[in-house]
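Let's take a walk through a protein model together. Keep the sequence and the 3D view open as you read, and look up each residue when it comes along.

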Amino acid sequence: MRSQSLRFAPTVLASALSAALLSAGGVSAADVDFNRLLNADKEPGNWMSYHGSYKSWHYSGLDQINTKNVGKLKEAWSHVASRANRGLQGVPLAIDGVLYYTSPYNQLYALDGATGKMLWTYKHKLNEDLVARQTHSPYNRGIAAAYGNLYMGTLDGKLAAIDMKTGKLNWETKLVDSEKLTVGFTGAPLVVKDKVIIGAQGGEWPDRGPIFGINAKTGEKVWHFYTSGGNEGTASDARNTWGGDSYKTGGGGGWMAGSYDPENDTVWWGTANPAPLYDWAGDKYMTEGPRPGLNLYTSSVIQLNPDTGELKSFHQVLPHDAWDFDPAQGELMMIERDGKKLVVHPSKSGFVFVFDRKTGKPVKVYKGVDAINFVKDIKDDGTLVGRWDPPEGKHVNLCPAIAGGYSWNAGTYSPKTNLLYKVGFEWCMDLEIVKTEPITEPVVQLNIGANFTMHGPGKDPAHGHIRARDPITGKVKFEIKYPGAVPHGGLLSTAGNVLFVPEADGMFTAYDATNGKKLWAHNMGQGSVGGTISYMAGGKQYVAVMTGWGSLVGDGYGDLWGEPWVSMPKDSGVLKVYSLQ
């Protein structure tokens with residue numbers, strides 16, 4: 001049965017000039033199909049998906065801009081988004097000379113990649129009362145492109161397909177009852193073959209965190225996978241890992257885009273924490289508390305059949321996650337080493353997991369940050385050693401803080417240097433765990449189960465770093481230190497051996513990717529919590545970065561580090577684009 005409503009609503013502000021440009025061939029968007037997505041690495045001038053390609057490296061194969069000339073980089077053009085509450089948090093796409101990006105309240109823009117000239121603007125019609133009630137809102141973190149459409153998850157629980165050439169709504173499919181659940185979609189979808197795959201929010205909400213597979217051409221919902229307890233009739237063992245019926249309010253959404261392994265025809269996806277986020281049962285969590293048991297498939301890296309949504313394999317990164325250190329931020333990099341095909345996942349816990357791509361099981365786990373004490377260690381097979389499960393009451397210095405040793409902002413892997421670059425956070429928190437009951441009527445509400453205050457580890461202030469390391473062994477080659485505020489934007493490495501970093505204070509900085517030497521910087525005027533890409537237009541290489549401050553993590557920078565974050569606006573967003581002049 002088709003779970004959708006088709007509309008061809010005129011929710012578009014498109015100029016007549018844009019249509020003329022497109023029809024005249026001044027700018028054209030060639031059809032993106034599965035074959036082009038499979039071979040994205042062969043088109044370094046384009047950036048066709050959230051992670052850049054199915055390898056998920058956030059790496060550009062362009063080298064027109066390199067370590068020798070990056071110092072000559074200048075701002076080429078910029079574009080200001082409207083209603084940019086909490087800044088621009090997404091990753092743009094650049095396809096055949098056209099740049100597409102989203103802003104809060106599900107607004108979508110198409111711009112000439114060389115000049116920034118507006119081609120069209122799409123503004124999704126939203127239930128504004130619903131959006132105002134949402135906690136994780138109103139930002140959007142990205143889109144997918146295929147079959148003439150741009151696919152965007154909406155804050156009110158829909159998947160929308162917008163025509164790439166005209167900016168008109170082709171169809172929309174209602175997937176989540178956001179009016180009751182007060183959750184929707186903020187992360188980017190992933191197109192695999194003829195399916196659009198997208199995960200809902202839902203870590204701290206009393207829902208079951210579905211991931212959906214939708215027909216990319218018609219909008220028909222083909223499958224869903226419940227991350228909390230698995231699907232009915234096929235995963236009774238998973239439901240048995242939840243005491244009573246606690247899986248029905250178990251959380252566990254897959255809110256950021258996963259990755260795809262074409263060789264094994266497998267979708268890799270990270271799932272979020274269970275609800276309530278914190279558990280007052282302490283070390284008696286297997287038999288007592290709000291959700292007794294291991295709580296499958298929350299806080300897991302799962303492997304799904306893209307055609308059916310069937311679970312192929314999984315590894316629960318944190319059995320009975322009691323800390324909100326889940327792998328849902330979605331970084332699952334496909335890397336080959338010495339004939340072994342692996343997936344590298346820097347997880348929110350601050351550990352880096354290296355998985356065998358065929359079995360889905362970890363073969364190596366190492367610490368990526370220093371401030372970790374919720375466990376003593378995690379073995380290479382994924383076994384937790386010496387876990388600390390704080391019970392009801394007050395506790396001090398749990399590390400990392402709730403925001404994670406690693407966050408959802410993208411890291412990058414360069415095949416030229418064979419190094420993984422990722423922002424690491426060294427911070428901890430004091431917390432008070434309290435008993436809660438899930439609220440499901442008439443409208444579900446957030447279920448965290450604790451109050452907390454973030455601070456630095458021990459007597460040190462909060463700080464961080466970018467560590468350039470071997471992604472398989474964890475060996476660090478060099479480190480860029482941040483004694484104060486830590487970047488929260490997405491990184492980019494390039495074939496020109498440049499590492500681009502949007503800093504928290506608003507500086508856009510270029511480093512030598514081989515040794516960490518600072519090569520160039522430009523003041524963007526505000527901090528960044530969004531992504532960075534590179535693309536070609538008119539024979540010239542451009543670097544685009546999303547700016548604007550906000551997010552649940554960025555909101556706390558003022559308390560930790562003072563100015564300029566106390567005064568930094570949280571309702572401003574500008575896309576900045578740079579090139580050699």
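Start with Thr-182, which sits in the loop between helix 4 (178–181) and strand 12. The model you are looking at is predicted. In this model Thr-182 has a phi near 50°, a positive value in a residue other than glycine. Thr-182 also counts as buried, at 8% relative accessibility, because buried means under 20% relative accessible area.

Now follow the chain to Lys-193, found in the loop between strand 12 and strand 13 (195–199). Here too phi is positive, about 55°, although Lys-193 is not a glycine. Why stop at such angles? Most residues other than glycine have a negative phi, and most peptide bonds are trans.

## Two cis peptide bonds

Which residue is joined to Pro-276 by a cis peptide bond? The partner is Ala-275, and omega is about -5°. You will find Pro-276 in the loop between strand 17 (266–270) and strand 18 (300–304).

Another cis peptide bond links Glu-563 with Pro-564, and its omega is about 5°. Pro-564 belongs to the loop between helix 7 and strand 39 (574–580).

## How confident is the prediction?

The average pLDDT of the protein chain is 93, and 94% of the residues score at least 70. Over residues 1–29, however, the pLDDT is below 50. That stretch has 63 contacts in the model beyond near neighbours in sequence. Where pLDDT is low, the predicted coordinates should not be read in detail.

## A disulfide link

How many disulfides does a search of the whole structure find? The search finds one. This disulfide joins Cys-399 to Cys-428, with 2.0 Å from S to S. The link of Cys-399 and Cys-428 is right-handed, with 100° about the S-S bond.

Cys-399 lies in the loop between strand 26 (393–398) and strand 27 (412–414), while Cys-428 is in strand 29 (residues 428–433), so the pair ties together parts that are 29 residues apart in sequence. Are these cysteines buried or exposed? Cys-399 is buried, with a relative accessible area of 5%, and Cys-428 also counts as buried, at 0% relative accessibility.

## A glycine in a loop

Gly-382 is placed in the loop between strand 24 (377–378) and strand 25 (384–385). With a relative accessible area of 6%, Gly-382 is buried.

What does Gly-382 touch, leaving aside its neighbours within four places in sequence? Gly-382 is in contact with His-315, Pro-362 and Val-365.

Next, look at the spaces between the atoms. Rolling a probe the size of a water molecule over the atoms shows where empty space is left. The largest pocket has a volume of about 740 Å³. It is lined by 32 residues, and the closest to its centre are His-136, Lys-348, Ile-402, Leu-552 and Val-553. Strand 30 (450–455), helix 6 (551–554) and helix 7 (557–561) are the elements that give two or more residues to the lining of the largest pocket. By class, this lining has 15 nonpolar, 10 polar and seven charged residues.

The second largest pocket holds about 280 Å³ of space. Of the 18 residues that line the second largest pocket, Leu-38, Asp-41, Tyr-54, Lys-55 and Pro-262 are the closest to its centre. Helix 2 (34–38), strand 16 (259–261) and strand 20 (333–337) each give two or more residues to this lining. Strand 20 provides the largest share, three residues. The classes here are nine nonpolar, two polar and seven charged residues.

How many cavities of 30 Å³ or more does the structure hold? There are four, and the largest cavity has about 50 Å³ of space. Its lining is made up of Leu-37, Met-48, Ser-49, Tyr-54, Ala-144, Ala-145, Pro-189, Leu-190 and Val-191.

Strand 8 (144–146) and strand 12 (190–192) are the elements that give two or more residues to the lining of the largest cavity. The lining of the largest cavity divides into eight nonpolar residues, one polar and no charged.

How values were computed. Residues are numbered from 1 along each chain as its sequence is written. This is a predicted model: local features need pLDDT of at least 70, side-chain atom pairs count only at pLDDT 80 or more; totals for chains, interfaces and linings use all residues. Side-chain values use heavy atoms; hydrogens and water are left out. A disulfide is a pair of cysteine sulfur atoms within 2.5 Å. Helices (H or I, at least four residues) and strands (E, at least two) are DSSP runs, numbered from the N terminus. Buried means under 20% relative accessible area, exposed over 50%, partly exposed in between (1.4 Å probe, protein chains only). On a 1 Å grid over the protein atoms alone, a cavity is a set of points where a 1.4 Å probe fits but cannot get out, and a pocket is an open set with protein on both sides within 12 Å along at least five of seven lines; lining residues have an atom within 4 Å of a point. Grid points are joined across faces, edges and corners, and a volume is the space filled by probe spheres set on the points. Ala, Val, Leu, Ile, Met, Phe, Trp, Tyr, Cys and Pro count as nonpolar, Asp, Glu, Lys and Arg as charged, and the others, Gly among them, as polar. pLDDT is the predictor's confidence in each residue, from 0 to 100. Contact means heavy atoms within 4.5 Å.
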